[in-house]
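Work through the following exercises with the structure open beside you, and try each task before you read its solution.

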Amino acid sequence: MTSRYRTTQASEGADSLAPRRRTVVKAAAATAVLAAPLVAALPARAASDTPAFLHGTASGDPLPDGVLLWTRVTPAADAVPGSGIGPDTEVSWIVATDRALTNVVSRGSVTATAGSDHTVKADVRGLAPATDYWFRFSAGGTDSPVARTRTAPAADATVTGLRFGVVSCANWEAGHFASYRHLAARGDLDAWLHLGDYVYEYGTGEYGTRDTVVRQHAPAHEIITLADYRIRHGKYKTDPDLQALHAKAPVIAIWDDHEFANDSWSGGAENHTEGAEGTWTARQAAAKQAYFEWMPVRPAVAGTTYRRLRFGKLADLSLLDLRSFRSQQVSAGSGSVDDPDRTITGRAQLDWLKAGLKASDTTWRLVGNSVMISPFAIGTLSADLLKPLAKLLGLPQDGLALNTDQWDGYTDDRRELLAHLRSNAIGNTVFLTGDIHMAWANDVPVDAGTYPLSASAATEFVVTSVTSDNLDDLLKVSPGVVSTLAAPAIQLANRHVHWVDTDRHGYGVLDITAARAQMDYYVLSDKTRADATSSWERSYRTRSGTQKVERTYDPV
C-alpha cells in the first residue's frame with residue numbers, strides 16, 4: 001500500500017468538530033419487506049445460526065490519534081437488515097500495524113443488538129498519526145475480512161501531499177459501482193469523500209435508469225419507514241465494489257437529499273406526501289437513524305453531518321449538512337431566492353463555517369458541499385437541451401433560469417459566505433461538490449453578472465455521478481454527444497465555468513500539495529457493466545493564492 005501522507009512532525013493532535021422527479025403521488029406506505037425475499041438478495045451463506053459478516057467492514061472520519069471502525073454482524077439466518085430480530089451478539093475487534101494482524105495495538109468488543117440493526121462501531125483512539133492500520137471483527141468464531149484504514153497526520157505536522165477519492169450519486173438500479181472498484185484498486189488514497197446520495201429512496205423503476213433496471217432495489221417499494229431505510233442501506237452494502245473500497249481506505253461522508261427523499265428541506269421534501277407517507281418528522285428521523293447506524297460517520301452536532309477534520313498544516317475539511325436546516329425551495333422565477341430570511345445552511349451552521357474558515361491556519365480550506373455553490377444560469381439554453389436538463393434537475397421545463405435546490409436558490413447565504421472570504425482575505429478555499437450528475441471545474445465569483453471583472457472568492461470541483469442518470473441517459477444517446485452541444489452554451493452563459501461534462505459517469509481524485517489542489521476526473525466505459533473500465537478524462541487545478549481554476553494536461 002503506497003502511503004501518501006509525508007510528514008516531518010509526529011506530534012499528537014486533533015481538530016475534529018465533533019424531477020420534480022416523481023410523476024404520481026404514491027399510495028400509503030408499504031410495510032417492511034419480509035425476511036425471505038431479502039435473504040435471497042444477500043450473499044450466499046450457510047443457512048445456520050453461525051454469525052456472519054455479509055456487509056463488509058468499513059472505517060471513517062480519521063483523526064490523528066484514531067478512526068471509527070464499522071461492521072454489521074448477521075447473528076442468525078433470519079436476522080436480516082430491517083427485520084428487528086436476532087439475539088444480542090458480542091463482536092470483538094482488533095487493530096494492528098500489519099495486514100497479518102500479528103502486531104496488535106488495540107482491541108475491544110461491543111454488543112450488536114436488534115436496536116441498532118446489528119451494526120456496530122468502535123471509535124478507536126490512542127493510535128499514531130499518519131499511519132496505516134489493519135483491523136478485523138470477530139463474532140461466534142467467525143472473522144470478518146481484514147480491512148485497511150489510516151489515521152490523519154498530527155495537527156501541527158508539515159504534510160507535503162494528500163490524495164482523496166471523490167464520489168457522489170450512486171443509484172443502485174442504474175448500473176454497477178465500478179467507480180468504487182477502480183478507486184479501491186489504486187492503493188494510494190489517504191481517504192475517500194462521499195458527497196451525498198450514497199443511497200436512493202425510490203421504488204424500483206421510479207428513478208432514471210435509461211428505462212432499464214440493471215439490478216433491482218430492496219425493498220422494491222419507496223423507502224419510508226426505519227425498516228425500509230435499513231433494508232436499502234443493507235442492500236447497498238452487499239455490493240462487492242463498495243465493500244472493496246470501504247476495506248481499502250476510510251470514508252468521509254455527508255448526506256444529500258436521497259438519503260431522505262428527493263429535494264428535501266427541513267420541513268418536508270418534493271418526494272414526500274404528508275399523511276399518505278406518514279409524517280415528515282418520522283420519516284426524516286428514520287432516515288437519519290439508519291444512516292448513522294450503517295455509515296462510519298461521527299455526528300458532530302446531534303442528528304447532522306456537519307463537522308470538521310484536519311490533515312496537518314496542509315488542509316482542513318469542513319463538511320456541510322445542507323438538508324437538515326434549509327428553507328423550502330422556491331420556484332425558479334421567484335424573487336424570493338434573494339430573501340435574507342431563507343437559508344440553505346441554517347444560521348448556526350453558517351456561523352460555524354465562517355468562523356472555521358477565518359480561524360484556519362492550514363494552507364488549504366476544503367469544503368465538502370453537497371450541492372453546487374457556483375452560480376448556474378441555464379435560461380439561455382435551447383429548448384432541446386433545456387427540457388432534459390430541467391428534467392434532470394427536477395425543475396419546470398420552461399422559463400427557468402436557475403436551479404433553486406442549489407445555492408442559487410439561497411443567494412443571501414452565498415453572498416454572505418463569499419463576502420466573508422473576501423473581506424477577511426481568506427484564500428485557498430476549495431468547494432468539493434456532487435449532486436448534479438455532471439463534472440464541473442469552476443471559479444466561484446463574488447458577482448457572476450460582472451465576472452471576470454469581479455473577483456473569484458474560491459474555486460469548486462464538482463464530480464459526476466457514479467451511476468445516476470445524466471443528460472445522455474435522459475436523451476438516450478452516446479456519451480459525449482450532448483456535452484458537445486451543451487457545454488459551450490453553458491459556458492457562454494456562465495463565464496466562471498472552465499469546463500462541464502454533462503454526460504459521463506465516474507469519479508474524481510483530488511491531489512493536494514502546498515502549491516496546488518488538483519482534481520483528476522475519471523470516466524467509466526459503461527455504467528451498466530460490472531467489469532466497466534476506467535479512463536482519465538481531464539484535470540483541473542487551482543494554484544495557491546489564485547482563487548482561480550486552470551486546466552492541466554496530465555493526472556497526478
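**Exercise 1.** Determine how many bridges join strand S22 to strand S23 (residues 534-543), and in which sense the two strands run.

*Solution.* In this predicted model, S22 and S23 run antiparallel and are joined by nine bridges. To place the pairing, find Val-523, which stands opposite Ser-535 in S23. Next, turn to strand S21 (residues 506-512), which also pairs with S22 in the antiparallel sense, over seven bridges.

**Exercise 2.** Decide whether the two faces of S22 are covered or open.

*Solution.* Begin with one side, where Arg-516, Gln-518, Asp-520, Tyr-522 and Leu-524 are all buried.

**Exercise 3.** Describe how helix H6 (residues 347-359) and helix H8 (residues 411-423) pack.

*Solution.* First, note that the axes of H6 and H8 lie 10 Å apart, at an angle of about 15°. Angles under 35 degrees count as roughly parallel, and H6 and H8 are therefore roughly parallel to each other. The crossing of H6 past H8 is right-handed. The contact involves residues including Leu-350 and Leu-353 of H6 and Leu-417 and Leu-421 of H8. Finally, sorting the residues of this contact gives five nonpolar, one polar and six charged.

Notes:
Residues numbered from 1 in each chain as written. Predicted model: local features only at pLDDT ≥ 70, side-chain atom pairs only at ≥ 80, totals over all residues. Heavy atoms only, no water. Axes fitted to C-alpha atoms, helices over the stretch in contact; angles between N-to-C directions. Helix = DSSP H or I, 4+ residues; strand = E, 2+ residues; numbered from the N terminus. Parallel < 35°, antiparallel > 145°, perpendicular 65-115°, else oblique. Left-handed = near helix turned anticlockwise from the far one by under 90°. Contact = heavy atoms within 4.5 Å. Nonpolar A, V, L, I, M, F, W, Y, C, P; charged D, E, K, R; others polar. Buried < 20%, exposed > 50% of the residue type's maximum accessible area, 1.4 Å probe, protein only. Pairing = 2+ DSSP bridges.
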